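Visitor: I would like to go through the terms used for this model and see what each one rests on. Please set the values against the cut-offs.

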Amino acid sequence: MSERGERPRCAWLGDARGALPVARALVEANLGELVVAAECGDLAGDLLALVPGLRLERDWESLLTRADLCVVVIASDADGVLEGARQLARSGARLLVWVGGSATRLFSELTLLDAESPGRLYPLLPQRHLPAVSQLTDDLARQKLGGLLSVQFARTQPGIALDAATLDRDFLHDVDVLRSVLGHFEQLTAFRHADATGRILQATTTLGGPQLPPIVWQANPGSAGVWTLTLVGNLGRVEVAANDRELTLQRDGAAVQRWPWHDAVHGAARQTIEDALTGPLGADQPAGQRTTWDDLLRGVELLAATQESLRRRRTIDVLFEAPSERNLFKSHMTAAGCGLLLLTPVLVVLYLLVAAAFPLPEWLKIGLVILVFAPFGLFLLLQALVWITRPSAAEIVVQDGTPESPRAESPQT
């Protein structure tokens, strides 16, 4: 809930059915007041059943007239929804972005917006907040497993073959869990095994990080959607298993705790939304459970590295640099420099043509020469201002999450 203890007034934008647990957690946990929805298509009936008094609007423009909206849930990556997200964020709303479908598109469309207005975008990655995952993170922090020997994340996708889009979405959420539990990764190797017709029968990705054993993520087709995360250390073995009925935590082969799957998902969604609505997290919450836009960015970059590994058929070294004012400054200056390199010769030719065709007084010639070369000279002078946007050592540590390395994951091609 909000910092003032009041329920924020919320809007819903999009038609993704997979985001319904977010709406249920928002309303049933009394975290926010869902008052209006737009561009929700066939999802309108489900939202009205959840909130009978919900106002339905046809498009996102209607939401801009609502000055009382503090939070907007983005539940699609359609063109209209993304445009609405940009405008609503610029008007001051906080966006809770459901990560499903084409996460790469969400990343590319909204990352610069996050760099312009830090803290307004919050990705919904609730899987890391599942109670069994939280206990696993606590076990590692207390070194109950000792040194890690192996880590495996095995997922089964319903069907006789793997769907590529679903595979990418699952990997994005699963690798976020692995990052929250284990830290950042520096290498990635991906394989996909297909039959003669091109159907994907198995997908395997091996991740490596500093002081970590090989981490294997694997997906196979099967009769039901289940997943298992297994960590083996020299002091014991811990396994988190999930299916559509329950979530289980096992230690050394014995189940120590079980949660009904619906309750576990609801609790994880609630925790994710609470984090988004309360702003900066307190010092009492484990750092590995924080969810920021950089978490989505790093997941998408790892997904891009997976595609690069498949294309090149080799291991990819991964680095990462979060978007910052320095990066934006350098990008803008590079674009401006390229434009000036093209414009200056054109202006020189035009000056020579004018000077040859018309008799010009000396003072005018000098003035025209200054006008031709002044923009390029000013550009070179502005290059010296890049030190203003240089991040401090503390900012580098916060972005990376570890003081030892100022850079983490991003595919290097």
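Guide: Aspartate 295 is a place to start: it is buried, with a relative accessible area of 11%. The model is predicted, so local features need pLDDT of at least 70 and side-chain atom pairs count only at pLDDT 80 or more, while totals for chains, interfaces and linings use all residues. Residues are numbered from 1 along each chain as its sequence is written, and side-chain values use heavy atoms, with hydrogens and water left out.

Visitor: Why is aspartate 295 called buried?

Guide: Buried means under 20% relative accessible area, exposed means over 50%, and partly exposed lies in between (1.4 Å probe, protein chains only). Aspartate 295 has 11%, so it counts as buried.

Visitor: What makes aspartate 295 and arginine 128 a salt bridge?

Guide: A salt bridge is a side-chain nitrogen of Lys or Arg within 4 Å of a carboxyl oxygen of Asp or Glu. The closest N and O atoms of this pair are 3.4 Å apart, so the pair qualifies. The two residues belong to distant parts of the chain, 167 residues apart: aspartate 295 is in helix H8 (residues 293-312) and arginine 128 in the loop between E6 and H5. Helices (H or I, at least four residues) and strands (E, at least two) are DSSP runs, numbered from the N terminus. Arginine 128 is buried, at 2% relative accessibility.

Visitor: How do you know that arginine 9 and aspartate 68 form a salt bridge?

Guide: Their closest N and O atoms are 2.5 Å apart, which therefore meets the salt-bridge definition. Arginine 9 lies in strand E1 (residues 9-13), and aspartate 68 in the loop between E3 and strand E4 (71-74), 59 residues apart. Arginine 9 is partly exposed at 27%, and aspartate 68 is partly exposed at 26%. Both residues belong to a network of salt bridges that links Arg9, Glu33, Arg66 and Asp68. The structure holds 22 salt bridges.

Visitor: What makes E2 and E3 a pair of strands?

Guide: Two strands pair if DSSP finds at least two bridges between them. Strand E2 (residues 33-38) and E3 have three bridges, in the parallel sense, so they pair. Valine 36 has arginine 55 in E3 as its bridge partner. These strands belong to an open sheet of six, in the order E3-E2-E1-E4-E5-E6, with parallel pairing. Strand E3 (55-57) and strand E6 (121-124) are its edge strands, each pairing on one side only.

Visitor: How do E9 and E10 pair, parallel or antiparallel?

Guide: Strand E9 (residues 200-208) and E10 run antiparallel, joined by five bridges. Alanine 203 has alanine 219 in E10 as its bridge partner. The two strands form a hairpin with six residues between them.

Visitor: Why is glutamine 143 called exposed?

Guide: Glutamine 143 has a relative accessible area of 61%, over the 50% limit, so it counts as exposed. Its phi is near 55 degrees, a positive value in a residue other than glycine. Most residues other than glycine have a negative phi.
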